[in-house]
Amino acid sequence: LEQELFKMAEQARNDAEQQTAFESLREVKRTRADAVPRLLLMLEGRLARLGLPQARAADARTDMALIEHDELEEAITLDDFATRTEMRVSQPLFELGHRYAVLGASPLLDTEALPLGPHALAHGLREIALSLDLPREHRAVFYRLFDRRLLAAAESLYGGLNEHLIVRGILP
């Protein structure tokens with residue numbers, strides 16, 4: 001992201017765009033050490049709530065509200081990234097849903113409810129991007145970069161998670 005923001009600043013059409021890109025770059029450098037721990041804490045919290053009835057109810061609950069066009073576009077971008085990842089590694093995610101259901105003593109988990117699934121990662125990614133206080137267009141760059149990296153590594157990530165659970169006797 002830092003490299004991409006620097007490139008955007010170099011290729012800016014005017015001083016305002018360049019200044020915005022440099023401000024985002026400074027913010028990313030200043031807060032980058034907090035990004036991964038924040039994501040890990042969010043994922044750890046989802047794992048800790050696995051199988052709890054209130055967790056399933058909270059995940060299933062959707063509040064109706066009007067949202068800004070930019071927020072909708074951002075939500076669609078993240079949902080698309082999660083859906084593409086789902087389609088690419090559907091079998092490992094399906095198996096992971098069974099294994100996490102056993103761990104949580106709950107019915108089969110769909111991919112949206114998986115604590116470490118693509119939708120959980122997308123949610124965590126959005127939290128990180130919002131905490132970085134990046135402009136919408138820079139958040140979109142952040143999402144695209146993460147999307148490319150996750151799509152490339154999704155099979156090994158979810159295969160590795162399945163293997164980890166298999167080795168520990170969860171639905172071998």
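Predicted model: local features only at pLDDT ≥ 70, side-chain atom pairs only at ≥ 80, totals over all residues.
Helix 2 covers residues 15-48, and its 34 residues should span 50 Å at 1.5 Å a residue, a value with which the distance of 47 Å between its end C-alpha atoms agrees. The N-terminal end of this helix is capped by Asn 14, of which a side-chain oxygen lies 3.1 Å from the backbone nitrogen of Ala 16. Further along, helix 2 contains a kink of about 60 degrees that is centred on Thr 31, and Thr 31 is itself listed among the buried residues of the helix. The buried set also includes Ala 21, Ser 24, Leu 25, Glu 27 and Val 28, as well as Ala 35, Leu 39, Met 42, Leu 43 and Arg 46.

The largest nonpolar core comprises 34 residues, of which Leu 43, Leu 96, Tyr 100 and Tyr 158 touch the most other members. At least two residues of this core are supplied by each of helix 2, helix 4 (69-88), helix 5 (90-104), helix 6 (118-131) and helix 7, with helix 7 giving the most, namely seven residues. When residues up to four places away in sequence are not counted, Leu 43 touches Pro 115, Leu 116, Ala 120 and Leu 121.

Helix 7 extends over residues 136-167 and includes Ser 156. A kink of about 60 degrees in this helix is centred on Ala 153, and the backbone oxygen of Ala 153 is reached at 3.0 Å by the side chain of Ser 156. Because its relative accessible area is 56%, which lies over the 50% cut-off, Ser 156 is classed as exposed. Although Ser 156 and Val 89 are separated by 67 residues in sequence, their C-alpha atoms are 9.5 Å apart in space. Just after helix 7, Gly 169 adopts a positive phi of about 85 degrees.

Arg 99, which lies in helix 5, has a relative accessible area of 7% and is therefore classed as buried, the cut-off being under 20%. With residues up to four places away in sequence again left out, Arg 99 touches Asn 162, Leu 165, Ile 166, Ile 170 and Leu 171.

Key:
Residues numbered from 1 in each chain as written. Heavy atoms only, no water. Helix = DSSP H or I, 4+ residues; strand = E, 2+ residues; numbered from the N terminus. Expected span 1.5 Å × (residues − 1). Bend = angle between axes of the 7 residues up to and from the residue. Buried < 20%, exposed > 50% of the residue type's maximum accessible area, 1.4 Å probe, protein only. Polar contact = N/O pair within 3.5 Å; in protein donor to acceptor, adjacent residues only side chain to side chain. Core = buried A, V, L, I, M, F, W, Y, C linked by side-chain atoms within 4.5 Å. Contact = heavy atoms within 4.5 Å.
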